[in-house]
Amino acid sequence: PTIAPAAVSLAGPTKLFVGSIPGGTSRETLREEFEKFGPVVDVFLKNDQAEAHRMWGFVTYQEAASAAVAVSALNERLVLPGGTRPCAVSFARSSQAQHSMAAASLVQ
């Protein structure tokens, strides 16, 4: 069996942006939700300065393929405890090149 070149180039950490996180959400809660799709190497959370009861953050996956699956499964679908609307989940700007490759490999 041969490995598709696209699959080989998907290796490496990939960062996702997560928006509309309810205030009071912990890094552990976010990690638990996102680890359902693969190993998470980092979680960053920040309070939204514009809206007091909202947060945003980044989740970094060990592998780009896990990140691609998480985006497709969670974007505008994940409602965290205390939330009234789904979170926005997208590739962080620094991971756009990996996003293109990961999306292409999912279509094959």
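Before anything else, a term I need: strands here are DSSP runs of E with at least two residues, numbered from the N terminus. Also a reminder to myself: this is a predicted model.

**Entry 1: the overall plan**

I counted the secondary structure and got 4 helices and 4 strands. Reading along the sequence, I wrote down the pattern α-β-α-β-β-α-β-α. The protein has 108 residues, and 36% of them are buried. I also looked at contacts between residues at least 6 apart in sequence, and 65% of those join residues at least 24 apart.

In what order do the strands of the open sheet lie? I found 2-3-1-4, with antiparallel pairing across the 4 strands. On average, neighbouring strands are turned by 20° against each other, direction ignored.

Next I checked the pairs. Strand 2 and strand 3 are antiparallel over 7 bridges, and they form a hairpin with 6 residues between them. One bridge I looked up there puts valine 40 with tyrosine 61 of strand 3. Strand 1 and strand 4 also run antiparallel, joined by 4 bridges. In that pairing, phenylalanine 17 stands opposite serine 90 of strand 4.

**Entry 2: helices on the sheet**

Helix 2 lies across strand 1, strand 2, strand 3 and strand 4. Its direction is at about 135° to strand 2. Helix 3 packs on the sheet too, where it touches strand 1, strand 3 and strand 4. I noted about 150° between the directions of helix 3 and strand 4.

**Entry 3: threonine 60**

I picked threonine 60, which is in strand 3, residues 54-61. Buried or exposed, and why does threonine 60 count that way? Its relative accessibility is 11%, and the cut-off for buried is under 20%, so threonine 60 counts as buried. Leaving out residues up to four places away in sequence, threonine 60 touches Pro13, Thr14, Lys15, Pro39, Val40, Val41 and Asp42. I also took a distance: the C-alpha atoms of threonine 60 and phenylalanine 17 are 8.9 Å apart, although 43 residues separate them along the chain.

**Entry 4: serine 20**

Serine 20 is in strand 1. With a relative accessible area of 17%, serine 20 is under the 20% cut-off, so I put it down as buried. Not counting residues up to four places away in sequence, I listed Arg54, Met55, Arg85, Pro86, Cys87 and Ala88 as what serine 20 touches.

**Entry 5: the core**

A rule to keep in mind: in soluble globular proteins, nonpolar side chains tend to be buried together. Here the largest nonpolar core has 21 residues. Those with the most contacts inside this core are Leu16, Ile21, Leu30, Phe34, Tyr61 and Val89. The elements giving two or more residues to the core are strand 1, helix 2, strand 2, strand 3, helix 3 and strand 4. Which element gives the largest share of this core? Helix 3 does, with 5 residues.

Last, I zoomed in on leucine 30. Beyond the residues up to four places away in sequence, leucine 30 touches Ile21, Val43, Leu45, Val59 and Leu80.

Note on methods. Residues numbered from 1 in each chain as written. Predicted model: local features only at pLDDT ≥ 70, side-chain atom pairs only at ≥ 80, totals over all residues. Heavy atoms only, no water. Buried < 20%, exposed > 50% of the residue type's maximum accessible area, 1.4 Å probe, protein only. Contact = heavy atoms within 4.5 Å. Core = buried A, V, L, I, M, F, W, Y, C linked by side-chain atoms within 4.5 Å. Pairing = 2+ DSSP bridges. Axes fitted to C-alpha atoms, helices over the stretch in contact; angles between N-to-C directions.
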